[in-house]
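These are my notebook entries from a first look around this structure. Come along as I look things up one at a time.

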Amino acid sequence: TYGNMTPTEQTFVARVYPEWSKVVRRATELDPLYAKAWLRLAESATFNGNTADAVAAWETAEKTGCNPYDLYDWGLQMFQDK
C-alpha cells in the first residue's frame, strides 16, 4: 500500500500514475468501444485519487461489455470500504 512505500517509491508513483492515466485515456479516445481500456482508466484514476473519473470509466467499461470477472473484481476494490 502507499503508506508502506519508501519516500523514493512514493515519488516514483507520483510521477508515473498521471502518465498511466494519460496513456489509457488516449486508448479510450482511439477506440471508445475497447472495454479493457475503460477498466484500466478506472484503475489509473483510482490510483490518482480521481474518484469521479474512476467511477465514470468503470461504468463505461460495464456498458461496453468488459469481462464481468475483471469488472467486478476491480469494482470491489474501488467501492468496498477499506
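**Entry 1**

I started with Glu19, which is partly exposed at a relative accessible area of 41%. My scale calls a residue buried under 20% relative accessible area, exposed over 50%, and partly exposed in between, using a 1.4 Å probe and protein chains only. Before going on, I noted that this is a predicted model, where local features need pLDDT of at least 70, side-chain atom pairs count only at pLDDT 80 or more, and totals for chains, interfaces and linings use all residues. I also noted that residues are numbered from 1 along each chain as its sequence is written, and that side-chain values use heavy atoms, with hydrogens and water left out.

Which residue forms a salt bridge with Glu19? I found Lys22, with the closest N and O atoms 3.3 Å apart. A salt bridge here is a side-chain nitrogen of Lys or Arg within 4 Å of a carboxyl oxygen of Asp or Glu. Lys22 counts as exposed, at 52% relative accessibility. A reminder to myself: an α-helix has 3.6 residues a turn, so residues three or four places apart point the same way.

I searched the whole structure and got 5 salt bridges. One of them joins Arg25 and Asp53, whose closest N and O atoms are 3.7 Å apart. Arg25 belongs to helix α1 and Asp53 to helix α3 (residues 51–63), so this pair ties together parts that are 28 residues apart in sequence. Arg25 is partly exposed at 35%, and Asp53 is partly exposed at 38%.

Next I looked at Glu43, which pairs with Arg40 in a salt bridge at 2.8 Å between the closest N and O atoms. Both lie in helix α2, 3 residues apart, or about one turn. Is Glu43 buried or exposed? Glu43 is buried, because its relative accessible area is 13%. Arg40, at 29%, is partly exposed.

**Entry 1: along helix α1**

I then followed α1 itself, residues 7–30. Its 24 residues reach 35 Å from first C-alpha to last, close to the expected 34 Å; that expectation is 1.5 Å times one less than the number of residues. Helices are DSSP runs (H or I, at least four residues), numbered from the N terminus.

The buried residues of α1 are Val13, Tyr17, Ser21, Val24 and Thr28, and they pack against α2 (35–47). I picked out Thr28, which has a relative accessible area of 5%. Its side chain reaches the backbone oxygen of Arg25 at 2.6 Å. Leaving aside residues up to four places away in sequence, Thr28 touches Ala37, Trp38 and Leu41, where contact means heavy atoms within 4.5 Å.

**Entry 2: the nonpolar core**

Last, I looked up the largest nonpolar core and found 15 residues, with Leu39 and Trp58 having the most contacts inside it. Such a core is a set of buried Ala, Val, Leu, Ile, Met, Phe, Trp, Tyr and Cys residues joined through side-chain atoms within 4.5 Å. Helices α2, α3 and α4 (68–79) each supply at least two residues of this core. Which helix gives the largest share? I found that α2 does, with 6 residues.

What does Leu39 touch, not counting residues up to four places away in sequence? My list reads Trp58, Ala61, Cys66, Asp70, Leu71 and Trp74.

Definitions and conventions
A polar contact is a pair of N or O atoms within 3.5 Å; within protein, one must be able to donate a hydrogen and the other to accept it, and residues adjacent in sequence count only if both atoms are side-chain atoms.
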